[in-house]
Amino acid sequence: TALEPHGPGTRATTVLSPYLKFGCLSPRTFWVELHEAVKGHRGVLTKPPVSLTGQLLWREFYYTCAKAVGPAFGRMEGNAVCRQ
């Protein structure tokens, strides 16, 4: 199932999205701590964009684009970047 993709007690997501969104967890702090945790890992790691670091990078890229375009980011009309 979506809540237990790798067996009982596992999750498909980290459930950290609201903490990142509302500033309770800094993306930079999360990035640094994630890299510290991965350093000691001896097994096979997934690669971006599937990896957790890749997902964090994509999230930050999306928010940067949204900030640059402004309120019209999610619309076609009035969005200078969107080709119509």
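User: Which helices each supply at least two residues of the lining of the second largest pocket?
Analyst: α2 (27-39) and α3 do. This is a predicted model.

User: Which of the elements gives the most to that lining?
Analyst: α2, with three residues.

User: Which residues line the second largest pocket?
Analyst: L34, H35, V38, V44, L45, T46, K47, P48, S51, L52 and T53. The pocket's volume is about 200 Å³.

User: What makes a residue of this lining count as charged, and how many do?
Analyst: Asp, Glu, Lys and Arg count as charged. K47 is in the lining, and Lys is on that list, so K47 is charged. By class, the lining has six nonpolar, four polar and one charged residues.

User: Why is F61 called partly exposed?
Analyst: F61 has a relative accessible area of 45%. Buried means under 20% and exposed means over 50%, so F61 falls in between. F61 is found in helix α3 (residues 52-69).

User: How many helices and strands does the protein chain have?
Analyst: Three helices and zero strands. From the N terminus on, the elements run α-α-α.

User: What share of the protein chain counts as buried?
Analyst: Of its 84 residues, 13% count as buried. For each of these, the relative accessible area is under 20%.

How values were computed: Residues are numbered from 1 along each chain as its sequence is written. This is a predicted model: local features need pLDDT of at least 70, side-chain atom pairs count only at pLDDT 80 or more; totals for chains, interfaces and linings use all residues. Side-chain values use heavy atoms; hydrogens and water are left out. Helices (H or I, at least four residues) and strands (E, at least two) are DSSP runs, numbered from the N terminus. Buried means under 20% relative accessible area, exposed over 50%, partly exposed in between (1.4 Å probe, protein chains only). On a 1 Å grid over the protein atoms alone, a cavity is a set of points where a 1.4 Å probe fits but cannot get out, and a pocket is an open set with protein on both sides within 12 Å along at least five of seven lines; lining residues have an atom within 4 Å of a point. Grid points are joined across faces, edges and corners, and a volume is the space filled by probe spheres set on the points.
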